[in-house]
Amino acid sequence: LQNMKMVPVPEKAYGTFFEGDCYIILHTKRTSRGSAVDLHYWIGKDSSQDEQGAAAVYVTQLDNALGGNPVQHREVQGHESETFQSYFRNGIIYKKGGVASGFKHVETNMYNIKRLLHVKGKKHVSATEVALSWDSFNKGDVFLLDLGKVLIQWNGPSCSIAEKSRGLALARSIRDSERGGRAQIGIIDNEKDSPDLMQIMKMVLGERRGELREAIPDAKADELQKANVRLYHVYEKDNDLVVQEIATRPLTQDLLQHEDCYILDQGGFKIYVWRGKTSSPEEKKAAFTRAVGFIQAKGYPSSTNIEVINDGAESAMFKQLFQRWTEKNETQGLGKIYTIGKIAKVEQVKFDTTQLHARPELAAEQRMVDDASGEIEVWRIEDLQMQPVNPKTYGQFYGGDCYLVLYTYLRSGRPHYVLYMWQGRHASVDEITACALNAIELDKKHGDEAVQVRVTMGKEPTHFLAIFKGKLVIYEGGTSRAQKSTPEPAIRLFQVRGTDEMNTKATEVPARASSLNSNDVFRLTTSQVCYLWCGKGCSGDEREMAKMVADIVSKRDKHTILEGQEPAEFWEALGGKAPYASEKRFQERITHYQPRLFECSNQTGRFIMTEVVGFCQEDLDEDDVMLLDTWEEIFLWVGKASNTYEKNEAIASAKEYLKTHPAGRDLATPIILVKQGYEPLNFTGWFNAWDPYKW
């Protein structure tokens, strides 16, 4: 903003901001549903109140001109949102001064420069101009001494590899965009090894007296703080602004009424303003002023992020704060087209597993590592040790036990491994712990290459069902050990779901009439007879699969009975008739969920996650533990050089993430541990253009 007018910034200067100015950024991205538009106004720390006000007004006008579709953001220097930072891959540079005081954005081939930049951040880099003095330095960050023709990168002794490489990317970007490629870059990684460069630094900064300051930890919101979401209704009454709290987490979509405006406070970390379709133009206009007023009233720092959102054009970040968010008439991803109408059941369209290698995004979408044609080995945890299970009974799991399932498949002629840890609902804590410890040992035997998947009983992932080829049976309690402590129940009821070998499982449910469901096939076994009960909503394929599973559990003759034609003995075995679920079931899949990637850090004793927006493979650094959330599962990616503490805490971090997620997530979501260099297709498929040879 120059003299209160919008003046375009030359593209070469994108990412460089004067601290005395305000800026407006328009970002458009193509998506599967058209395009996503974001409007940001950025406030420099030394900008005037008038400029800040003008920036907010321009954003509102732009929003109107663009039909009310953009998501609007207020950004304050040094506290930018993760979305904003994702636009400037090489980092953001803050320059002293402003346009009004005669500074220009791009002055190429300007060599009479002398400045010191303090570079911070690992995933999101920013560089601030600081005083030319040794007092500005500390041991934990990267500093760039920019002398026009020479750029010296000084790495603090406690910098990570990622911070050093991001610092270098920034130095190169200054050389190429500001100096037309004509500048030398020198790096001081250890002062003793670079006497010549140190000599230049001393000429500019003088001799260094005393010790360098210790590293300054970044002040960041932890996950517990971000989980504290509250929704407020905002309206005017007799010229006064009324802010009324209406709900805390988990929030549901129906709380948002189209004729009103709301403020959603994410633990003071970020403030969202949602503007209903039919709310008044005055209300819409006042969104930013209200949010700023709200921040002041709450005593939050003035740098708090604000995002203004329009009804029907919500950002992914916003939707993910709600328990479930459904869009009108959407069809779902690859290979599954759901038709919702008068049909009792949603038909699943088969997808072709041979396409998985050619299209890793399909592997990710379908949650399939391969076509499930590999080898299986199964062990049961017994006396805290691994006991091999008889291959004849593979696929039968008892709720009183824990099991390890090792799946081996070939990819490009090499064996790859997936290790499932199945935890029974009634297994003891000791057994669950022993299961995890034995998994680590088994992984070591296979060169630490296995992908480890934690499976909670009843939450078996798609691929787990597929490897048992339709023979998966889950018993509520008991054990598959030779000496069983309790006799098996005389009457058992199993619910069978699935249409083919790839997606079928039978689960034991309480043997009562209320357990039945018109959409499924059930198998009831008594000491004399075995019934196959077919609900009105089940398909021929489901009946066939149920017959196949029935043979596993009981060799007796099967009586097939249709819903509504049950003999008296059937109800007797279930303890008498009772009402049961007979509504049509629609499979609701979470449609709003875009995968999200986070860097996890647990070093400070607080659990902190930094989101990487618009992620790619480059964002996975060797010394990181990263969390990829695809809603149906959580992946933990462990870099080769990540520290032992974070490695060991990874699973705990993932559980903590689920526990503190504002949408009230299912704690039994599968958690998958993936090691650098051994990523399966259902992980790499979430990344655009994955390079298997990068490392």
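**View 1. Strand β22 and its two partners.** In β22, the bridge partner of Q396 is V473. This is a predicted model, in which local features need pLDDT of at least 70 and side-chain atom pairs count only at pLDDT 80 or more, while totals for chains, interfaces and linings use all residues. Residues are numbered from 1 along each chain as its sequence is written, and side-chain values use heavy atoms, with hydrogens and water left out. Helices (H or I, at least four residues) and strands (E, at least two) are DSSP runs, numbered from the N terminus. Two strands pair if DSSP finds at least two bridges between them. β18 and β22 run parallel and are joined by 3 bridges. β22 also pairs with β24 in the parallel sense, again over 3 bridges, and here V473 stands opposite A506.

**View 2. The two faces of β22.** In a regular strand, side chains alternate between the two faces of the sheet.

View 3. Strands β23 (residues 492-497) and β25 (residues 521-525) run antiparallel and are joined by 5 bridges. R492 stands opposite T525 in β25.

View 4. Axes are lines fitted to C-alpha atoms, for helices over the stretch in contact, and angles run from 0 to 180 degrees between N-to-C directions. Contact means heavy atoms within 4.5 Å.

**View 5. The sheet from β1 to β10, with helix α4.** An open sheet of 7 strands, with mixed pairing, has the order β1-β5-β7-β6-β8-β9-β10. Its edge strands, β1 (16-18) and β10 (184-188), each pair on one side only. Neighbouring strands are turned by 25° against each other on average, direction ignored. β6 (residues 115-120) and β7 (residues 126-130) pair in the antiparallel sense over 5 bridges, with K120 opposite S126. Helix α4 (residues 195-205) packs on the sheet and touches β8, β9 and β10. The direction of α4 makes about 100° with that of β10.

**View 6. Helix α3 from end to end.** The expected span of a helix is 1.5 Å times one less than its number of residues. The 18 residues of α3 (residues 161-178) should therefore span 26 Å, and the end C-alpha atoms are 26 Å apart, which agrees. Buried residues of α3 include A162, L168, L170 and I174; E163, R166 and E178 are also among them. Just after α3, G180 takes a positive phi of about 55°.

Conventions:
Buried < 20%, exposed > 50% of the residue type's maximum accessible area, 1.4 Å probe, protein only.
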